[in-house]
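This briefing is for a reader new to the structure. Please look over the sequence and the 3D view before going on to the points below.

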Amino acid sequence: MKIALAQIAPRLGDVGRNLELHLEFMDKACRVKADLIVFPELSLTGYTLKDLAGDVALDPATDPRFKKILARSRGLSVVLGFMEERAGEKGLFYNSAAFISGGKLLHVHRKVFLPTNGMFEEAKFFAQGRDFRVFPTPFGKVGLMICRDFLHYGASYVLYAGGADVIIVISAAPGRGVSEGEAFETSRMWELMGEAVSYFSTAFVAYANRVGIEDGVSFAGGSFIYGPGGRLLARAAYLDPELLVRRLDLTAVREARTKWLFKRDEKPDVILRSLERVVRVPED
Amino acid sequence: MSLKINPIFVEKVLTGFIRGELAKFGFRKGILGLSGGLDSTVCAALAARALGPRNVLGLIMPYGDSFPAEVRDAEKVGRVLGIRTRTIDIAPQVDAYFAAHPTRSRILRGNKMARERMSILYDYSAREKALILGTSNKTELLIGYGTIHGDMACGISPMGDLYKTQVRELARHLRVPASIIRKAPTAGLWSGQTDEQEIGLTYAELDEILENLVEKRKSGPELVKAGFKPAVVRRVAEMIRNSEFKRKLPPIAKLSPRSVGHDFLYPYDWGR
């Protein structure tokens, strides 16, 4: 299976322009015979939306722009980020990721962990998702996360316990901290998590981050793919746009799980019981 | 229209704001530019009630004698309110500049004049230990009808959340002379210029569209469906969008984990 990570810089608040950008990158991905293209968080809208959230929100069941992407997804599956507002939930704007394949919307993940501190104000404007789950795709079982979701390692655990072969993270991670390195200091944090999760989940981890600048904030780029067992397969440039393409050998999951028996020996029932105790019985 | 206000209540909030903010920052006096128009008159009236008339200084800053009626109105406002006024002709400094850098653009000249007035206000603010009271209203802030670092510059903005039609209603309550309430608003950019002519809409029309877009969060298409002209709605929405830079501090390029404006965040009234 060939995966392409579209490290793009969407235009803030301009869904029409970003749709064109998506179709353009999908064409590029088709030309290199990719099976799946992954766009970053809020790729259809830009990130720093504030009060624009309601203006750019769309219902994937009916929106004509969304249908254009659905129509083009035969032969090329797509993961993208968008602002979701369903007809049945008017006024609730979710920071969502869609998995689209064969002309169908296979799954929508709504961001659960909305950073709201310091420079971040997502919970001021967005409604909160409440679920992590894996779903079947032509490329095995896949789980989706959005940016900050990935830094709460319980979320990765749920996808791992659910049997994910591929964990896909879409992100709009700003760069913070400069020293002597060739990247923002925060890039290391994402790579560390990618390495650890792929290692101990014996699954692929694909992380698509964006680039570009919004209101003075530079998005760090550095999208990456780790193979099962913590092997770095590819990493995109920091700061610059790129289409990062890599062939994934999905049999590597089986190989890793016969070498490292974490998955076989996993005890989600014990973890669940222990968690229930933690949640229900307050510590004295 | 539902932009009705209770002027007694609004006066109480705004005089409390002026008095409170000045006290927090150690000022007893307020200073503002007096143009003879509605906004600066209402602001001066609020300041006079909040601080006492003798603690308010109105600077009248005409360009030569190009607007004699406006100067007479401004002087009248000073007398009626009992505040201190001072007249400073900005022609020498403006002419000196344009003699060296000539232009025919009325906009360039108007912006330069607004910034000369700003620089005089800040100089007098320091001389008089008086805080600058902004006179921009919500209508002009939203459509960007003002000069950045010119008339938009101030220490505090008591009127920034009042639409022009609301300022007019407040003016009646504050007993602003009827002639000033009635006359056509002008930015004084050139002789005979009026805001409504230049914007292409009356303030009543403009405020109704703004109320729908901003207060009621209606979309452009919804307004058109409700009977507003598509071209007008589009233009107002564009004016709002294209002037956001006037309502913000410039973006700081973020590098560190704690950057001014991004995640170094303290209240304006920090420790006051």
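Strands, such as those on either side of the loop that holds A:Leu239, are DSSP runs of E of at least two residues, and they are numbered from the N terminus. The model is predicted. The points below begin with the contact between chains A and B, then take up each chain in turn.

**Where the chains meet**

- Nine residues of chain B are in contact with 10 residues of chain A.
- On the chain A side of this contact there are four nonpolar, four polar and two charged residues.

**Helix α5 of chain A**

- Helix α5 of chain A covers residues 153-161, and its buried residues are A:Ala155, A:Ser156, A:Leu159 and A:Tyr160.
- After α5(A) comes A:Gly163, which has a positive phi, near 95°.

**Two leucines of chain A with positive phi**

- A:Leu42 is not a glycine, yet its phi is positive, about 50°.
- This leucine, A:Leu42, sits in the loop between β2 (36-38) and α2 (53-56) of chain A.
- A:Leu42 counts as buried because it has 30 C-beta neighbours inside 10 Å, where 20 or more are required.
- A:Leu239, also a residue other than glycine, has a positive phi near 75°.
- The loop that holds A:Leu239 runs between β13 (231-235) and β14 (242-247) of chain A.
- There are 21 other C-beta atoms within 10 Å of A:Leu239, so this residue is buried.

**The sheet of chain B**

- Chain B has an open sheet of four strands in the order β3-β2-β1-β4, with parallel pairing.
- At its edges are β3 (84-87) and β4 (130-132) of chain B, each of which pairs on one side only.
- From one strand to the next, the twist averages 25°.
- Strand β1 of chain B, residues 29-33, runs parallel to β4(B) and is joined to it by three bridges.
- Opposite B:Ile31 stands B:Ile132 in β4(B).
- Helix α2 of chain B (residues 38-51) packs on the sheet, where it touches β1 and β2 (56-60) of chain B, and its direction makes about 170° with that of β1(B).
- Helix α5 of chain B (residues 106-128) also packs on the sheet; it touches β1, β2 and β4 of chain B, and its direction makes about 165° with that of β1(B).

**A helix crossing in chain B**

- Helix α1 (residues 7-24) and helix α7 (residues 164-173) of chain B have axes that come within 9 Å and cross at roughly 95°.
- The two helices, α1(B) and α7(B), are therefore roughly perpendicular to each other.
- From α1(B), the residues B:Pro7, B:Ile8, B:Val10 and B:Glu11 meet B:Glu169, B:Leu170 and B:His173 of α7(B).
- This contact is made up of four nonpolar, one polar and two charged residues.

**A buried lysine in chain B**

- B:Lys138 belongs to helix α6 of chain B, residues 138-143.
- B:Lys138 is buried, because 21 other C-beta atoms lie within 10 Å.
- Apart from neighbours within four places in sequence, B:Lys138 is in contact with B:Gly160, B:Asp161, B:Leu162 and B:Tyr163.
- B:Thr165 is 27 residues from B:Lys138 along the chain, and their C-alpha atoms are separated by 10.0 Å.

Note on methods
Residues are numbered from 1 along each chain as its sequence is written. Chains are lettered from A and ligands numbered from 1 in the order in which they are written. This is a predicted model: local features need pLDDT of at least 70, side-chain atom pairs count only at pLDDT 80 or more; totals for chains, interfaces and linings use all residues. Two residues are in contact if their C-beta atoms, placed from the backbone, lie within 7 Å. Ala, Val, Leu, Ile, Met, Phe, Trp, Tyr, Cys and Pro count as nonpolar, Asp, Glu, Lys and Arg as charged, and the others, Gly among them, as polar. A residue is buried if 20 or more other C-beta atoms lie within 10 Å of its own, exposed if 12 or fewer, and partly exposed in between; C-beta atoms are placed from the backbone. Axes are lines fitted to C-alpha atoms, for helices over the stretch in contact, and angles run from 0 to 180 degrees between N-to-C directions. Angles under 35 degrees count as roughly parallel, over 145 as roughly antiparallel, 65 to 115 as roughly perpendicular and the rest as oblique. Two strands pair if DSSP finds at least two bridges between them.
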